Amino acid sequence: ADIDEDYLVPVETIVEEAIYKQVPIDESVYNVLLLGSDVRPNEGGNGRSDSMMLVTIDRVSGGIKITSFMRDTWISIPNKGWNRINAAYAFGGIGLAINTVNENFDLDIQNYAIIEFSGLENVVDNLDGVEVVLTGKEITIINNANPQNPLPEVAGTYLLNGAQTLTHCRNRKTGDGDFGRTRRQREVMVSIVNKLKSTMDPIKLTNFLTETLKYVDTNIAPNTIFTLGLELLGAKENKMEQA
């Protein structure tokens with residue numbers, strides 16, 4: 001059974017808000033709010049930030065933390081009252097989304113990356129797929145949406161293409177709702193980082209980032225993205241934590 005459901009956020013006037021400046025909590029820590037935007041054919045505006053993750057990079061140790069914000073978290077949105085956290089993006093764009101997270105969780109986020117779900121397919125395909133551990137139920141859902149390339153319906157680790165990965169990231173039909181879906185999204189992120197770490201050199205990284213940035217809206221300068229990528233590849237250990 002599906003324990004959560006879709007809903008529409010009524011927005012009379014969309015006003016893209018600015019990101020409020022915050023004093024850095026730790027200069028060696030780089031925070032990025034990663035949003036997956038779900039713009040449906042029958043919807044206007046920004047769509048909903050149906051995936052919201054904080055990616056925290058420790059530039060000293062090379063450690064990475066990926067923290068999901070549950071999309072139905074009931075929260076105080078600045079100047080908008082109480083609503084679900086993913087309504088902030090619909091009301092005021094990425095600026096209001098970041099300001100909402102910063103105000104409620106005492107954070108200092110200034111940077112973002114937004115990718116429409118369809119863009120994730122291209123990112124994964126540019127990596128020639130990513131490996132993900134799947135349950136039998138998850139495989140069934142992937143196969144139902146992608147019958148042209150079925151996986152064996154046996155739990156295990158599989159190499160997923162872009163379309164299969166997108167289905168997996170959007171899946172909340174296995175009885176665990178957004179708890180399971182956010183876990184799946186984080187596991188895909190970890191798999192992407194591991195694939196980059198194991199297969200990339202500086203030249204391949206440049207080509208990959210150049211292609212990937214076609215599908216991403218971000219305020220991070222390309223040279224900063226490349227520098228962070230080199231630090232990621234050069235770190236002896238990439239301790240990755242999830243929450």
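Reader: Which residues are buried in helix 6 (residues 202–212)?

Author: Leu205, Phe208, Leu209 and Thr212. Buried means under 20% relative accessible area, exposed over 50%, and partly exposed in between, with a 1.4 Å probe and protein chains only. Helices are DSSP runs of H or I with at least four residues, strands are E runs with at least two, and both are numbered from the N terminus. The model is predicted: local features need pLDDT of at least 70, side-chain atom pairs need 80 or more, and totals for chains, interfaces and linings use all residues. Residues are numbered from 1 along each chain as its sequence is written, and side-chain values use heavy atoms, without hydrogens or water.

Reader: What covers the buried residues of helix 6?

Author: The cover includes helix 2 (117–126), helix 5, strand 9 (216–218) and helix 7 (222–234).

Reader: What makes aspartate 201 a cap of helix 6?

Author: A side-chain oxygen of aspartate 201 lies 3.1 Å from the backbone nitrogen of isoleucine 203, at the N-terminal end.

Reader: Why is isoleucine 75 called buried?

Author: Its relative accessible area is 4%. That is under the 20% cut-off, so the word applies. Isoleucine 75 lies in strand 4 (residues 74–77). Leaving aside neighbours within four places in sequence, isoleucine 75 is in contact (heavy atoms within 4.5 Å) with residues including Trp82, Ile85, Thr100 and Phe105.

Reader: What makes a space a cavity?

Author: On a 1 Å grid over the protein atoms alone, it is a set of points where a 1.4 Å probe fits but cannot get out. Points are joined across faces, edges and corners, and the volume is the space filled by probe spheres set on them. There are two cavities of 30 Å³ or more.

Reader: Which residues are closest to the centre of the largest cavity?

Author: Of its 36 lining residues (an atom within 4 Å of a point), the closest are Leu34, Ala113, Met189, Ile192 and Leu196. Helix 5 (residues 177–199) gives the largest share of the lining, six residues.

Reader: How many residues of each class line the largest cavity?

Author: 30 nonpolar, six polar and no charged. Ala, Val, Leu, Ile, Met, Phe, Trp, Tyr, Cys and Pro count as nonpolar, Asp, Glu, Lys and Arg as charged, and the others, Gly among them, as polar. The second largest cavity has three nonpolar, four polar and four charged lining residues.

Technical notes:
On a 1 Å grid over the protein atoms alone, a cavity is a set of points where a 1.4 Å probe fits but cannot get out, and a pocket is an open set with protein on both sides within 12 Å along at least five of seven lines; lining residues have an atom within 4 Å of a point. A polar contact is a pair of N or O atoms within 3.5 Å; within protein, one must be able to donate a hydrogen and the other to accept it, and residues adjacent in sequence count only if both atoms are side-chain atoms.
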